[in-house]
4 protein chains.
Amino acid sequence: MKNVAVFGAGRIGRIHSSNLAALPGVKLKYVFDPVPAAASDLAQKYGAEVSSIEAVLADKSVDAVAICSSTDTHSDLITRAAAAGKHIFCEKPVDLSVPRAQACADAVKAAGVACMIGFQRRFDPTFNDASRRLAAGDIGNAEMLVITSRDPGAPPVEYIKASGGIFRDMLIHDLDVFRWILCADGDEAAWLSATGSVLTDPAIAAAGDVDSTAVTIRTRKGRLCQINTSRRAAYGYDQRFEVLGSGGLLQCGNHTPTEVVQWDAQGIRADKPEAFFLQRYAAAYRLEMEHFFDCLQTGKPFKTTVADGVAAQKLADAASESCKSGLPITF
Amino acid sequence: MKNVAVFGAGRIGRIHSSNLAALPGVKLKYVFDPVPAAASDLAQKYGAEVSSIEAVLADKSVDAVAICSSTDTHSDLITRAAAAGKHIFCEKPVDLSVPRAQACADAVKAAGVACMIGFQRRFDPTFNDASRRLAAGDIGNAEMLVITSRDPGAPPVEYIKASGGIFRDMLIHDLDVFRWILCADGDEAAWLSATGSVLTDPAIAAAGDVDSTAVTIRTRKGRLCQINTSRRAAYGYDQRFEVLGSGGLLQCGNHTPTEVVQWDAQGIRADKPEAFFLQRYAAAYRLEMEHFFDCLQTGKPFKTTVADGVAAQKLADAASESCKSGLPITF
Amino acid sequence: MKNVAVFGAGRIGRIHSSNLAALPGVKLKYVFDPVPAAASDLAQKYGAEVSSIEAVLADKSVDAVAICSSTDTHSDLITRAAAAGKHIFCEKPVDLSVPRAQACADAVKAAGVACMIGFQRRFDPTFNDASRRLAAGDIGNAEMLVITSRDPGAPPVEYIKASGGIFRDMLIHDLDVFRWILCADGDEAAWLSATGSVLTDPAIAAAGDVDSTAVTIRTRKGRLCQINTSRRAAYGYDQRFEVLGSGGLLQCGNHTPTEVVQWDAQGIRADKPEAFFLQRYAAAYRLEMEHFFDCLQTGKPFKTTVADGVAAQKLADAASESCKSGLPITF
Amino acid sequence: MKNVAVFGAGRIGRIHSSNLAALPGVKLKYVFDPVPAAASDLAQKYGAEVSSIEAVLADKSVDAVAICSSTDTHSDLITRAAAAGKHIFCEKPVDLSVPRAQACADAVKAAGVACMIGFQRRFDPTFNDASRRLAAGDIGNAEMLVITSRDPGAPPVEYIKASGGIFRDMLIHDLDVFRWILCADGDEAAWLSATGSVLTDPAIAAAGDVDSTAVTIRTRKGRLCQINTSRRAAYGYDQRFEVLGSGGLLQCGNHTPTEVVQWDAQGIRADKPEAFFLQRYAAAYRLEMEHFFDCLQTGKPFKTTVADGVAAQKLADAASESCKSGLPITF
């Protein structure tokens, strides 16, 4: 039995708690949240105790912590949990600052603990199956990746101001997908160009950010990646990618609530995509947590490490800089 | 907290146990199975106790039983559980004999307990959404229903011999879908014609059954239903229906493991349907159990009752008779 | 150069004229229609002459006639054209009376001319490709066929009264598809059951017909066919079939005007099917006429003969009778 | 009756000849090709005469010429035809040199003749319907365009050497689509970045070209366009675009030969896209020629003019330069 503490009882903390509570051999022992009511609600639901960071880290029976708190607390919690000898699951991003993220990687390594970063898209059944087929050679050598990534609507401007900007907040996932899909053989980004616009809400411009972006990356091996994102899609949460290989194409579509198709005078109408990430990635969040504990128990390496978090962060920094300057970045 | 006992630790008993163990406010207290090892394996997994039918029914703390044992035990267990004042979830069919099924309905009514029959298709997100849209008038008045229902492969002939025949074993679900979709307003079957063939395995003919069937039903209001089934589909488990209304069509497709589409020299290839009923109806089984306990707690009526079980059984009997005689049945 | 005369300058006569005028090596020489203005309009468009039946049949330079006039004139024109030594293309049906249709077959045979019946669905690129794959063994041995055939709306009741009823007027095409797809190896209908209702317009009942039908056929080899039809589909002209084989399924979808899909708050919406038969079968009508002249020039046999017309007519008669009596027909 | 001469009896000349020969009111009078046999074959097929450029331009009865000859002859033929007072249909591109293309525009204007450039994608039923819906406001204001454009395989290296490079040869069409879809309200490219690689054949690198490209354009209004192309797609000719608007998305898929879907043990398999441009754009070529003569007869303006040709050429030059330098171009 592995004992786990969850730091952060917000939306994502509740998802992870529900998933780890359902895992055989795992016990949700503690919950911490700066808002006591949030912590106690969540703890009660799964028979856990409310605790503090200090107490959790001091408890020898705790094997692992799941960091689901706000982004600005991640690096501190990783460092402290590593020092306390706890294995770590941490939501993305490691930190908005690449040096601090790198320091986390160093701390984890020095402590000899395992640390997994929550890039849940790698566990999405559709995306993961595409990755598996690519690795199996089903479409030959990967050549080109087109990622479409759109939110149903922009978050509050206050959120945007603290987010580090769209590249670090939203595209970090897409940049990780780029590395996962196009760089699986050790290839790396060689050239990156990004641009962006404000098309949905002038308040986003006032906050110094953009809401629509277009990023292109060329790798050392000459592979090409294009990412298009928007903070708003009238039809919901749009998460797709297509990878062209020398022998074919793998196209990853959205997940839908049902397979009902309505035929009427207006046309042949299928469901919109799932509403947002909690619905679309429900299976991914569950499989990600299974993977975390499976690796802890078997010693297998994580599919997503702090190094992946740092690498994605570096690409996000580059994209942010390129978008501002209008000039490409070469690595 | 509702205490529940599960009778039967086979494939479907394990599914239901897993789903009810995950429900807040529900405790899997006892497991019974004639094979002790099966019972103890399942009980251990969810922290339940192995028990006997007699002890379960005598225990006042047990609120409900889930009957997941073989078909020939259903009517006996329903009758005894009802007499003991337990609420009942029972897998389909109630009984292969309509009189015995009717006796169960009477016993349940006399005892004043609630009894739900496991027609899980009514809880499938796709099928259920079609039913909801039909009720909402999205395609006007229902006129015609076409059901395609195919298993990936035939069960062992020994199973077929004990199954009551393809109409009672396999089409019972489709006949329930017919009643659910076309008879929601109180309409009823008026005329039924069935035919069948052995196309996949001569051993099925030797066992006195068919493996491919075509059933047509006309209702009192003149609605038409066609059901086509096969014990074998080379591409997997095929569960679809289409309902034509005065204002359009609702088409219910299969569920697939992923949304990956592979484009290559052979064509544009999407996933096959889910492999079999455990995969296809995973969500349905979960939602069905939620519904059972939700109704117990709120007093809302079940969506599928013993009366539905009896009615589907009568149609299955009629189809079986029509297939043998080559003549239609009028009701 | 083959000289051709067209009898009938209505909707279908104009289609066939346009297609044969575009064929290299074919000259539309004469047009006849009881309405002189219709004949002269059509003749003028393609540089043909208006003529009479007698004059056309007496003209030695005329190689072939295309009979596109009303159904009640078909058998007379076939007989006379055959006697005059002309090759014949005739729209379906040969005749509403099976004996008269058989007499046409005899007359054609006696005269040694070639006569093709316009079952254009056999030339639809989608349906034809399914037939080709089935013959190539791509899905193994054919077992079950499900045909969905719906018109966008009912024709005027006056038309219905003269049509011979829905089975002879509308299902004749579907019954030919049954023979083409399931009986390609010489198999034949052994048992047929039909039922029907009036669901769209009581005037159709008053005219002695039905508007919605469900037909089931079992062949000598035990293959099963289900046909569902309606005179009305709110979403347009619906022409699909699916054939299950021992190794898989071939599913033939509708043709659509475009491949635009609109994603918005209401869902993911593709085009409705083509509006009606002239649009859906535009390619089929063209390819059918190519086939007619290709066979005339090369001596290859037609894909659809008078014998096919007679056979489909017999099935339509049987379905009509079964629907009236409520009892199956055995052959 | 309009008399037309076709210059060039190659692949595209034959397509256009076939389409214009089928137009009522149009007569294919002359064919010229430097290869006499090619000219006479084509002329004979449609009852035209073989002629020379000089004789055609001197013949007062010729209303229009269709220039289907090699790219390097376009500007000379446009200029001479304009001087001779002939209306002009010319295949893309106007000329590989922007100044020469601009000179053609000037010559056409000075002569007062009409000149249409063959950007056939604007006449593709699917693409054209998306353009129509966008103009109708069906998805609100256009924001982002993603174009996928892939050939089934690279042309011979000798062709590539003379082609002006992939941007002028292949992307010119995509750049015209960008202008057509995103700049319909007068918007214009403000910033363009292109990159490319050789991934399919080193001989293409040796010829100084690339075979895989990624282009991004930002307009004055901040709209974003991403174009991805490859000279090779193992699954055939891939021609799609998606345009995101404030109210939804319009997705344009490929056209397929049939609507057959095969379900078997390998999956659910639809047709590959049409093989190459002659098949995919068959309808577009037909509709384009109809448009040309419709405009000549009614005086309506062409949908694609020499100015469009020049504008696309400028974008292709910019993309070519950006790809070479690795730096963006601002306009």
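Guide: Two residues are in contact if their C-beta atoms, placed from the backbone, lie within 7 Å. Please keep in mind that this is a predicted model.

Visitor: How many residues of chain A are in contact with chain B?

Guide: By that cut-off, 25 residues of chain A are in contact with 25 residues of chain B. On the side of chain A that touches chain B, the elements giving two or more residues are α6 (125-135), β12 (248-252) and β13 (260-264) of chain A. By class, that side has 11 nonpolar, nine polar and five charged residues.

Visitor: What makes β12(A) and β13(B) a pair of strands?

Guide: Two strands pair if DSSP finds at least two bridges between them. Four bridges join β12(A) to β13 (residues 260-264) of chain B, and the two run antiparallel. The count meets the cut-off, so they are called a pair. Within this pairing, A:L249 stands opposite B:W263.

Visitor: And which elements of chain B supply the side that touches chain C?

Guide: That contact takes 30 residues from chain B and 30 residues from chain C. At least two residues each come from β7 (142-150), β8 (189-197), β9 (212-219), β10 (224-230) and β12 (248-252) of chain B. The residues on this side of chain B divide into 14 nonpolar, 14 polar and two charged.

Visitor: Why is chain A said to agree with a compact globule?

Guide: For 331 residues, a compact globule would have a radius of gyration near 20 Å, and chain A has 20 Å, so the value agrees with the rule. The C-alpha atoms of chain A fill a box of roughly 55 × 50 × 45 Å along the principal axes. Buried residues make up 57% of the chain. Among contacts in chain A with a separation of 6 or more, 72% come from residues 24 or more positions apart. The chain has 13 helices and 15 strands.

Visitor: Why is strand β7 of chain C called largely enclosed?

Guide: A residue is buried if 20 or more other C-beta atoms lie within 10 Å of its own. Nine of the nine residues of β7(C) (142-150) are buried, so the strand is largely enclosed by the rest of the structure. Eight bridges join β7(C) to β11 (residues 238-245) of chain C in the antiparallel sense. With β10 (residues 224-230) of chain C, β7(C) pairs in the parallel sense over seven bridges. C:V146 takes part in both pairings: C:E242 stands opposite in β11(C), and C:Q226 is the bridge partner in β10(C).

Visitor: What makes the sheet in chain D open, with strands at its edges?

Guide: Six strands lie in the order β3-β2-β1-β4-β5-β6 in chain D, with parallel pairing. β3 (49-50) and β6 (115-118) each have a single partner strand, so one side of each is left without a neighbour in the sheet. β2(D) (residues 26-32) and β3(D) pair over two bridges, which means that they just reach the "at least two" cut-off. In that pairing, D:Y30 stands opposite D:E49. Helix α4(D) (residues 74-83) packs on the sheet, touching β1, β4, β5 and β6 of chain D, and its direction makes about 170 degrees with that of β5(D).

Visitor: How do you know that the buried residues of helix α2(D) line one face?

Guide: In α2(D) (residues 36-45), D:A39, D:L42 and D:A43 are buried. Seen down the helix axis, the buried residues fall within an arc of 100 degrees, so they line one face. They pack against α1 (11-21), β2 and β3 of chain D. The face turned away carries D:A37 and D:Q44, which are exposed. After the helix comes D:G47, with a positive phi near 65 degrees.

Visitor: What makes the bond from B:K92 to B:P93 cis?

Guide: Its omega is near -10 degrees, and the bond is cis. B:P93 sits in the loop between β5 (87-91) and α5 (98-111) of chain B. In chain C, a cis peptide bond joins C:K92 and C:P93, with omega about -5 degrees. C:P93 lies in the loop between β5 and α5 of chain C. Most residues other than glycine have a negative phi, and most peptide bonds are trans.

Key: Residues are numbered from 1 along each chain as its sequence is written. Chains are lettered from A and ligands numbered from 1 in the order in which they are written. This is a predicted model: local features need pLDDT of at least 70, side-chain atom pairs count only at pLDDT 80 or more; totals for chains, interfaces and linings use all residues. Axes are lines fitted to C-alpha atoms, for helices over the stretch in contact, and angles run from 0 to 180 degrees between N-to-C directions. Ala, Val, Leu, Ile, Met, Phe, Trp, Tyr, Cys and Pro count as nonpolar, Asp, Glu, Lys and Arg as charged, and the others, Gly among them, as polar. The radius of gyration is taken over C-alpha atoms; the globule rule is 2.2 Å times the number of residues to the power 0.38. A residue is buried if 20 or more other C-beta atoms lie within 10 Å of its own, exposed if 12 or fewer, and partly exposed in between; C-beta atoms are placed from the backbone. The arc is that of the directions from the helix axis to the C-beta atoms.
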